[in-house]
Amino acid sequence: MNMPIFSYSAAERGGKIVKGEKEAENDKILASQLKSQGLFLLEANEKKAGGLGGLNFNVNVQELISWIKPISLVDKMFFARNLAVMVSAGLSLTRALDALAEQTSNPKFRKIISEVNAQVTKGKSFADSLKLYDKVFGTLFTNMVEVGETTGKLSLVLKLLASQMKKDYNIRKRVKGAMLYPAIILIALLGIGALMMIYVVPTLTSTLKELNVTLPFTTQIIIKISDLLVNYSLLVFLALALMVFGFWRILKTRRGKEVFDRSVIRAPVFGSLVKKFNTARFCRALAYLITAGVPIVRALEITSSVLGSTLFQHAAREASKEIQKGKQLNAILAVYPKIFPSVIIQMVQVGEETGKLSSMLLRLAIFFEEDVTETTKNLSTIIEPILMIVIGAAVGFFAISMLQPIYSSLGNI
C-alpha cells in the first residue's frame, strides 16, 4: 500500500521558509522526518487522488467548522497557561511554541501558533509576532506579553493572562447560563403563541362568524394577527428576520451600541448584573496590567479595549486622559457614579494613598465576581415569578378575548 504524499511548508533554523512534497505515514511522522533534517514543520496537507481532474472533494466537516468559528477563549487560556509552564521550566520560546502547535487540536489555532513561531525564529520579538494576529489574541494579551519580554517576566505575565482568561471565562459562562432560562421560556411562549394563532384561532373565528356576534376590540386584534400569520406567514417571517438584522446592524454602529448599553444598564435585575460583570472585568484587567508593569495611562487605554460596555469603555478612556493632567484615579471614577459605586472609589483612593492600587483592584475584582456568581444563582428565583405573571397575562388575554364572545352569545340564547 502506497503511503500518502504530503505537500508541506517548513522553516529552516535561519528562518527561511521551505516548501515541498514528501511521503509519510502521517503528519507527525512527517514532522519528525523534517526535524531530523533541521526543518520545523509549519503546515502539511495530504494530497489525495480522485475527483475530477485529480481534485480532492473530500471535506472534513469538523475541520471546516473549526476554521470558520473563532478561536475560543478556552484555547487561548490553555495556550497562555501551558506556555507559562514551559517557559518557567527553562524551555526556549521556539521549542515551547513548537510543542504547543503539535498539542493544539484546533487546526486554525495550530497554524497561527506555527506562524508566530516562524516569526520568532526569524528574530522578531514574541509580542510583535502576536500583534500580526491582534484580532485573535487581543490588545490586552499582546501588550502584557510585550511588557513581560521587556522586563524579563514573561512567565509571570503569561500566568496572569491565563488567570485573567479563566476568570473571564467563568464569569461569562455564569452570565450566559443565567440568561438561558428566561430566553428558552420566552422562545417557547412565542412559539406556542404562533402555533395557536395559525391553528387554533382560525377554528374559533369560524365559530364566532356562525354565531354572528359583535366582537370586542381585543378579539378583532387577535383575529387580524391570526389572518396575517396564516395568509402571509412567509412575509411575516421575512419581516421579522429583517428587523433582527436591522437591530444587529444598529448595534454595530457606535451610536446604536451606546443607546443599547444605556438601556441595558437601566434595566431591572439585568442592568445590575451587567454593571457588576463589567466592573469586575475593569478591575481585574487594570490590576493585572499594573502588576505586569504597564504604566497606568497605557493600562487604562488597554483596559478600555477589553470591556464590553461602551459606558465603561468611555470612562476608562477619559480616565487615561485625565490622569495625564495629574488627577487621581479615584477622583476621575467619582465622575461616573452610575457605573462605579462608592466602594470602588474608596478602595481605589486607599490603594493610591498606600501605593497598593493593583492589590486593591484585585480585591474589588474578586468581590464583584463573587457578587455576579451569587446574583446568577438567585436569578432564576427572581425571574420565575415574573415569567409566570407574563405567561398568565398572555394566556388570560387570549382566553378572555376569544372565549368571552362565545359565552356572551350562549348567555343571550
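When I say that two residues meet, I am talking about contact, which means heavy atoms within 4.5 Å. Keep that in mind, everyone, as we walk through this structure, which is a predicted model.

Let's start with a pair of helices. In α4, the residues L93, T94, L97, D98, L100 and A101 meet R110, I113, S114, V116, N117, V120 and T121 of α5. Sorted by class, that contact has seven nonpolar, four polar and two charged residues. To find these helices in the model, look at residues 93–103 for α4 and residues 107–121 for α5.

How do we describe such a pair? Two packed helices are described by the angle between their axes and the distance between the axes. For α4 and α5, the axes come within 9 Å and cross at roughly 165°. Angles over 145 degrees count as roughly antiparallel, so α4 is roughly antiparallel to α5. The crossing of α4 past α5 is left-handed.

Now for a second pair, α8 and α9. Their axes are 9 Å apart, and the helices pack at an angle of about 120°. That angle makes α8 oblique to α9. Here too, the crossing is left-handed. On the α8 side we find A194, M197, I198, V201, P202, T205 and L208, and they meet T219, I222, I223, I225, S226, L229 and V230 in α9. This contact has eleven nonpolar residues, three polar ones and no charged ones.

Next, empty space. Rolling a probe the size of a water molecule over the atoms shows where empty space is left. The second largest pocket holds about 590 Å³ of space. Two or more of its lining residues come from each of α8 (154–211), α9 (217–231), α10 (233–252) and α17 (357–412). Which helix gives the largest share of that lining? It is α8, with nine residues. In total 22 residues line this pocket, and L189, L190, G193, A194 and M197 lie nearest its centre. By class, the lining has 21 nonpolar residues, one polar and no charged.

Finally, how many cavities of 30 Å³ or more does a search of the whole structure find? The search finds one. The largest cavity has about 50 Å³ of space. Its lining is made of Q164, K167, D168, I171, A280, R281, R284 and E369. Of these, four come from α8, the largest share, and α12 (270–292) also supplies at least two. This lining divides into two nonpolar residues, one polar and five charged.

Terms used. Residues numbered from 1 in each chain as written. Predicted model: local features only at pLDDT ≥ 70, side-chain atom pairs only at ≥ 80, totals over all residues. Heavy atoms only, no water. Axes fitted to C-alpha atoms, helices over the stretch in contact; angles between N-to-C directions. Parallel < 35°, antiparallel > 145°, perpendicular 65-115°, else oblique. Left-handed = near helix turned anticlockwise from the far one by under 90°. Nonpolar A, V, L, I, M, F, W, Y, C, P; charged D, E, K, R; others polar. 1 Å grid on protein atoms, 1.4 Å probe; cavity = no way out; pocket = protein on both sides within 12 Å on 5 of 7 lines; lining within 4 Å. Points joined across faces, edges and corners; volume = space filled by probe spheres on them.
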